[in-house]
Amino acid sequence: MALHEALIALQTGCSGLLTLKQDDPYFKKRLPTIPYVHQGELEILDRLTQLGQHYRTLDEYIQNIFKDKKSGLYILSFAFELRSILQTYLNCLKQLEHECLIDTSLTLSHLLISLTDYNLLFPSLVSLINKLQTNGYRGCQILDIIRRYTLDGNIILSSTMKKLLCSCHKIFIKQITSILTRGQIYDEYDEFFIGLNNNINIEAMGMTTPSISRMTSTITSRSHSPDRDKQFNLQMPQQNPTITPGYSQYQLIPDMLPSYIPLQLADKILFIGESWLILKTNDEDNDKNFLSINSIDYDEQNHRVQQQLYALTLSDDFNIFELERIIEYTRIDLSLTLRNLFVDRFHLCNELEQIRGFYLIEHGELFSLFVNRTNQLLLNIKKSTNAIENDINEIFKQCLNDLHLETILTNVDKFKFKLNFSHNDNSTQETSTGCRRLLSRVQGISDNSNNSFDFWSCGWANLSIQYNVKYPMKAFFSENSKQRYNDIFHLLIILRYVQNELNNLWLILKNQHKNSLILHLRNAMSFFINNFQYYIQIDVLEYKYQQLIRSILSSTDFQKIKYLHEVFLSDIQQHSFMLLATAYQSIRNILSICVSFCLTAKQQENNNFDENILRQFGRDFNDEIRLLFGILGMVQKHNALPHLGVFLTRLDFNRFLTNNNGSFGEF
């Protein structure tokens with residue numbers, strides 16, 4: 001009788017010896033005494049009943065997973081493997097029942113000893129599923145949780161958890177294989193650690209305000225049930241959920257990355273997936289012969305990678321070192337292929353030279369002529385229209401023709417000047433307050449006037465370049481890179497404009513009755529602007545650009561080339577003080593003061609200059625120079641940047657600024 005009750009309890013979690021009702025999950029107290037059962041056997045029966053309750057909990061969990069169509073592939077694979085474990089448990093019960101029918105002298109102790117492994121295993125499995133349910137883990141997140149249970153010292157528990165982990169790893173490897181060999185992500189339930197990057201228009205690093213900043217098949221798992229494949233197929237999505245984005249639109253999702261997968265390895269997987277996407281994707285606006293001239297044997301390379309990755313799924317122990325080896329060899333092959341494709345076939349260095357000619361203002365005489373011809377046009381613009389932008393681009397083409405720069409003229413259609421005005425931006429209004437204050441003072445306009453001129457809202461401060469990049473260069477020049485190039489161009493073109501204004505003012509003043517104060521102030525401003533412009537253009541841009549070209553030509557690793565290009569942009573922004581907010585704001589204030597001074601001086605008639613206004617300009621200019629000189633001195637003291645040291649030496653010629661407390665003297 002006790003054996004019969006025990007076998008029932010092992011499958012249902014309750015028996016006739018318990019007062020528990022079948023639909024009552026709370027009342028589980030056993031009758032205190034049963035006449036025909038020894039007290040010791042009652043305790044064994046309690047343990048067997050508890051084992052049956054664990055089985056019932058696990059079975060209900062599996063059934064719920066199968067019913068939920070949004071469970072996800074990882075949880076589904078986990079449930080299939082868990083069901084196979086329960087099936088071995090049921091097979092063991094059938095064997096025990098058969099033994100009990102043959103030998104009626106068997107005791108409850110025999111059942112308990114025969115199920116010892118499950119007494120150790122089932123509580124841990126129940127704890128595992130409770131943890132997964134309570135915290136809502138999904139996808140790659142459950143890999144970490146299961147892996148922690150594999151570290152147990154109990155061999156039975158560890159081996160069973162490894163089987164569960166292995167079943168999930170097969171989904172994991174399948175998704176890795178998909179992105180490595182096709183550049184696609186099979187991820188309907190958002191479970192993978194790589195996903196679509198929905199924020200493509202990334203602002204330049206360190207820039208926040210628009211006034212400063214214009215400037216990412218089936219599961220092969222163990223099956224002990226004949227209807228397993230059938231049930232799995234019912235859970236598969238009816239439509240193809242693969243994601244095939246454009247260029248550089250994948251991103252890492254850190255929350256989904258297992259802890260035993262290094263971040264560096266995840267970056268390599270991301271790079272390889274995007275690399276295949278580059279090689280196998282063709283834009284609608286491109287020539288159709290790009291892929292035909294590329295002689296890469298995709299099928300052979302992909303087949304080799306698939307075989308190597310599939311071999312990883314045949315073992316219960318996940319070999320992370322073998323995965324790293326496969327990924328690294330694949331990355332090296334693809335990186336060399338992409339290097340040859342970009343550098344040798346599509347002439348990356350020539351593309352960088354074109355970018356240098358526009359964004360980095362390589363031809364100073366060209367942009368000086370452009371600034372002269374668009375001076376008043378851009379100064380008075382407050383709103384962008386297609387007609388104005390077309391006029392600006394036509395003026396630039398005329399400048400190219402006049403200077404006979406045919407090389408640049410052939411590429412001018414790839415680069416278009418655009419006006420990007422921002423409206424209702426609080427940070428823009430705050431940064432332009434100083435300029436408004438200066439101009440309202442010198443022009444006799446109150447701070448509350450709506451007619452005060454704001455340089456940072458005119459065309460010069462909102463001029464940018466739109467780069468029409470084509471395949472395959474889209475994969476190299478990301479939106480982030482183009483934005484950072486525009487940040488640099490924004491500073492360079494304003495510097496060129498201010499330098500041009502100061503030079504034009506000198507032409508006006510030299511033919512008039514000379515006022516020593518205004519000439520002294522203009523010369524001080526011109527001295528700073530010329531030195532700063534030379535520092536950025538020669539000491540920073542020219543040096544860093546030549547360094548980048550040499551590194552590209554000597555490298556055989558495309559990923560390294562992309563990294564070098566990002567470092568190049570970061571170095572330019574760093575050495576131009578764009579990433580040092582206080583110093584960059586001081587430079588902007590100096591530029592505002594210089595523009596205000598030039599516009600005010602040009603408006604004066606008959607050489608009637610108010611010396612109080614000029615002295616106020618001088619004091620404001622000295623205040624900003626003193627602040628900037630102090631900041632840069634501290635930066636040089638702590639970082640010892642060689643180019644910055646040369647710039648400070650030129651600026652502090654004969655220790656003039658040092659002897660005058662960081663200023664250009666009294667005005």
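Mentor: E328 and K268 form a salt bridge, their closest N and O atoms lying 2.5 Å apart (a salt bridge is a side-chain nitrogen of Lys or Arg within 4 Å of a carboxyl oxygen of Asp or Glu). This pair links distant parts of the chain, with E328 in helix α11 (residues 320-345) and K268 in helix α9 (residues 263-280), 60 residues apart. Helices here are DSSP runs (H or I, at least four residues), as are strands (E, at least two), numbered from the N terminus.

Trainee: What should I know about the source of the model?

Mentor: This is a predicted model, where local features need pLDDT of at least 70 and side-chain atom pairs count only at pLDDT 80 or more, while totals for chains, interfaces and linings use all residues. Residues are numbered from 1 along each chain as its sequence is written, and side-chain values use heavy atoms, leaving out hydrogens and water.

Trainee: Is K268 buried or exposed?

Mentor: K268 is buried, at 17% relative accessible area, whereas E328 is partly exposed at 22%. The cut-offs are under 20% for buried, over 50% for exposed and in between for partly exposed (1.4 Å probe, protein chains only).

Trainee: Which residue pairs with K397?

Mentor: In general, side chains of opposite charge can pair when their charged atoms come close. K397 forms a salt bridge with E394, with 3.9 Å between the closest N and O atoms. Both sit in helix α14 (residues 386-402), 3 residues apart, so about one helical turn separates them.
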